[in-house]
Amino acid sequence: MTIPGEYRAARALNYFHQGYNCSQSVFTAFADVCGLSEETALRLSSPLGAGIGRMREVCGAFCGLSMVAGSLHGNTSPDTREKEKIFSLVQSLAADFKKEFGTLYCRELLGLTPEQLAGETARPGDRTAAYYASRPCERCIAFCAHLAADLEAGTPAH
């Protein structure tokens with residue numbers, strides 16, 4: 001039974017509001033359809049938050065979406081055609097994300113200057129109302145959860 005995208009997005013945002021990172025929030029909202037426990041999903045996706053290890057590279061929400069795509073449609077053989085299918089799917093999802101947000105990069109989504117980026121550490125910021133208001137993370141998480149719900153329903157990105 002497919003659960004509607006709104007439910008999955010709300011579930012992902014609930015994880016985020018509990019303090020989990022963006023990748024964990026998206027991926028763990030789909031742990032059940034990926035055949036994983038909540039704990040396993042949280043562990044597997046934990047290093048990918050905040051632009052992969054808080055390095056502000058590829059958006060963690062998009063990384064979580066990619067993990068859902070791999071779990072549902074990934075290749076299990078080294079065959080080139082099989083790899084091409086999942087790569088094509090992820091590229092299509094990336095095109096949808098970039099169309100919506102303009103970039104895949106966390107640092108650009110957050111509008112970090114080179115000076116701010118240089119001052120980044122591994123320590124996550126405190127989750128406050130100002131934290132949530134100052135960044136597009138909630139929108140990115142909800143968007144990725146909707147795309148993942150489409151994959152779950154069997155209607156992947158174009």
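Predicted model: local features only at pLDDT ≥ 70, side-chain atom pairs only at ≥ 80, totals over all residues.
Helix H4 spans residues 60–73 and helix H9 spans residues 137–153, and the two pack with their axes 9 Å apart at an angle of about 10 degrees. Because angles under 35 degrees count as roughly parallel, H4 is described as roughly parallel to H9. On the H4 side, the contact is formed by Ala 61, Phe 62, Leu 65, Val 68, Ala 69, Leu 72 and His 73. H9 contributes Cys 140, Ile 141, Cys 144, Leu 147, Ala 148, Leu 151 and Glu 152. Sorted by class, the residues in this contact comprise 12 nonpolar, 1 polar and 1 charged.

Both helices of this pair also take part in the largest pocket. H4 and H9, together with helix H6 (106–109), each supply at least two residues of its lining. The largest pocket holds about 410 Å³ of space. Its lining consists of 28 residues, and those nearest the centre of the pocket are Asn 21, Gly 49, Ala 50, Arg 127 and Tyr 131. In terms of class, the lining has 16 nonpolar, 8 polar and 4 charged residues.

Most residues other than glycine have a negative phi. Ile 52, although not a glycine, has a positive phi of about 65 degrees. This residue lies in the loop that runs between helix H3 (38–45) and H4. Arg 56 is found in the loop between H3 and H4 as well, and its phi, near 65 degrees, is likewise positive in a residue other than glycine. For Arg 56 the relative accessible area is 5%, so Arg 56 is buried.

Finally, the description returns to helix H9, in which Ala 153 is found. With a relative accessible area of 43%, Ala 153 is partly exposed, because values between 20% and 50% fall in that class. Ala 153 and Leu 36 are 117 residues apart along the chain, and their C-alpha atoms are separated by 18 Å.

Note on methods:
Residues numbered from 1 in each chain as written. Heavy atoms only, no water. Axes fitted to C-alpha atoms, helices over the stretch in contact; angles between N-to-C directions. Helix = DSSP H or I, 4+ residues; strand = E, 2+ residues; numbered from the N terminus. Parallel < 35°, antiparallel > 145°, perpendicular 65-115°, else oblique. Contact = heavy atoms within 4.5 Å. Nonpolar A, V, L, I, M, F, W, Y, C, P; charged D, E, K, R; others polar. 1 Å grid on protein atoms, 1.4 Å probe; cavity = no way out; pocket = protein on both sides within 12 Å on 5 of 7 lines; lining within 4 Å. Points joined across faces, edges and corners; volume = space filled by probe spheres on them. Buried < 20%, exposed > 50% of the residue type's maximum accessible area, 1.4 Å probe, protein only.
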